[in-house]
Amino acid sequence: MPRSAANPSHTLPPSLLRHCAEVQAAFGGRVRELRLAAGLSIEELADRSTLDASYVGQIERGTRNLSLFNVWRLACGLGVSAGELLRELPSVRPLARSRRA
């Protein structure tokens with residue numbers, strides 16, 4: 001089965017899915033925090049980022065696994081660097097790959 005960026009559950013074991021959900025929720029919270037600090041509505045951030053407002057809402061709720069390009073677009077819309085946007089995400093120990101027979 002090919003890897004799916006839109007649905008990581010096809011390629012990740014359950015333990016990594018939990019980390020994925022945690023990171024997505026933390027990232028969404030960070031986007032919301034910076035958006036509110038900038039005094040922007042979801043629609044205004046979407047316009048500035050050239051993204052759909054419903055997509056930005058899904059990001060803020062932690063239900064979207066977005067591409068690096070869209071992280072960059074959000075950062076531009078918020079007027080911050082991508083590094084600033086990614087700051088304070090949960091860190092996990094290095095993950096070992098399981099060996100397959």
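Q: In what order do the elements of the protein run from the N terminus on?
A: The order is α-α-α-α-α. This is a predicted model, and its secondary structure comes to five helices and zero strands.

Q: What share of the protein is buried?
A: Buried residues make up 29% of the 101 residues. The cut-off for that word is a relative accessible area under 20%.

Q: Which residues touch the most other members of the largest nonpolar core?
A: They are Phe27, Val31, Leu45, Ile59, Leu66, Leu74 and Leu85, out of 16 residues in this core. Two or more residues each are given to the core by α1 (14-37), α2 (42-49), α3 (53-60) and α4 (68-78). The largest share, four residues, comes from α4.

Q: What does Leu45 touch, leaving out residues up to four places away in sequence?
A: Leu45 touches Val31, Arg35, Leu40, Val56, Leu74, Gly77 and Leu78.

Q: Why is Val56 called buried?
A: The cut-off for buried is under 20% relative accessible area. Val56 has 0% relative accessibility, so Val56 counts as buried. Val56 is found in helix α3.

Q: What is Val56 in contact with, leaving aside its neighbours within four places in sequence?
A: Val56 is in contact with Ile42, Leu45, Ala46, Leu51 and Leu74. Val56 and Gly28 are 28 residues apart in sequence, and their C-alpha atoms are 8.8 Å apart in space.

Q: Which residues of α3 are buried, and what covers them?
A: The buried residues of α3 are Tyr55, Val56, Gly57, Ile59 and Glu60. Their cover includes α1, α2 and α4. Just after α3, Gly62 takes a positive phi of about 75°.

Q: Which residues of α4 are buried, and what covers them?
A: In α4 the buried residues are Asn70, Val71, Arg73, Leu74, Ala75, Gly77 and Leu78. What covers them includes α1, α2, α3 and α5.

Q: Why are α2 and α4 called roughly perpendicular?
A: Their axes come within 8 Å and cross at roughly 115°. Angles of 65 to 115 degrees count as roughly perpendicular. The pair α2 and α4 is therefore described as roughly perpendicular. The crossing of α2 and α4 is right-handed.

Q: What makes the contact between α2 and α4?
A: On the α2 side the residues are Leu45, Arg48 and Ser49, and on the α4 side they are Arg73, Leu74, Gly77 and Leu78. These residues divide into three nonpolar, two polar and two charged.

Q: How do you know whether Ser49 is buried or exposed?
A: Buried requires a relative accessible area under 20%. The value for Ser49 is 3%, so Ser49 is buried. Ser49 is found in helix α2. Not counting residues up to four places away in sequence, Ser49 touches Arg73, Leu74 and Gly77.

Q: Why is Thr50 called exposed?
A: Exposed means over 50% relative accessible area. Thr50 is at 57% relative accessibility and therefore counts as exposed. Thr50 is found in the loop between α2 and α3.

Q: What sets the phi of Thr50 apart?
A: Phi of Thr50 is near 55°, a positive value in a residue other than glycine. Most residues other than glycine have a negative phi.

Q: Where is Glu88, and what is its phi?
A: Glu88 is in the segment after α5. Glu88 is not a glycine, yet has a positive phi of about 70°.

Q: How do you know that Glu88 is exposed?
A: The cut-off for exposed is over 50%. The relative accessible area of Glu88 is 57%, so Glu88 is exposed.

Q: Why is Pro90 called partly exposed?
A: Partly exposed lies between the limits for buried, under 20%, and exposed, over 50%. Pro90 has 26% relative accessibility and therefore counts as partly exposed. Pro90 lies in the segment after α5 (82-86).

Q: What does Pro90 touch, not counting residues up to four places away in sequence?
A: Pro90 touches Glu22, Val23 and Ala26. Pro90 and Gln24 are 66 residues apart in sequence and 9.8 Å apart in space, C-alpha to C-alpha.

Key. Residues numbered from 1 in each chain as written. Predicted model: local features only at pLDDT ≥ 70, side-chain atom pairs only at ≥ 80, totals over all residues. Heavy atoms only, no water. Buried < 20%, exposed > 50% of the residue type's maximum accessible area, 1.4 Å probe, protein only. Contact = heavy atoms within 4.5 Å. Core = buried A, V, L, I, M, F, W, Y, C linked by side-chain atoms within 4.5 Å. Axes fitted to C-alpha atoms, helices over the stretch in contact; angles between N-to-C directions. Parallel < 35°, antiparallel > 145°, perpendicular 65-115°, else oblique. Left-handed = near helix turned anticlockwise from the far one by under 90°. Nonpolar A, V, L, I, M, F, W, Y, C, P; charged D, E, K, R; others polar.
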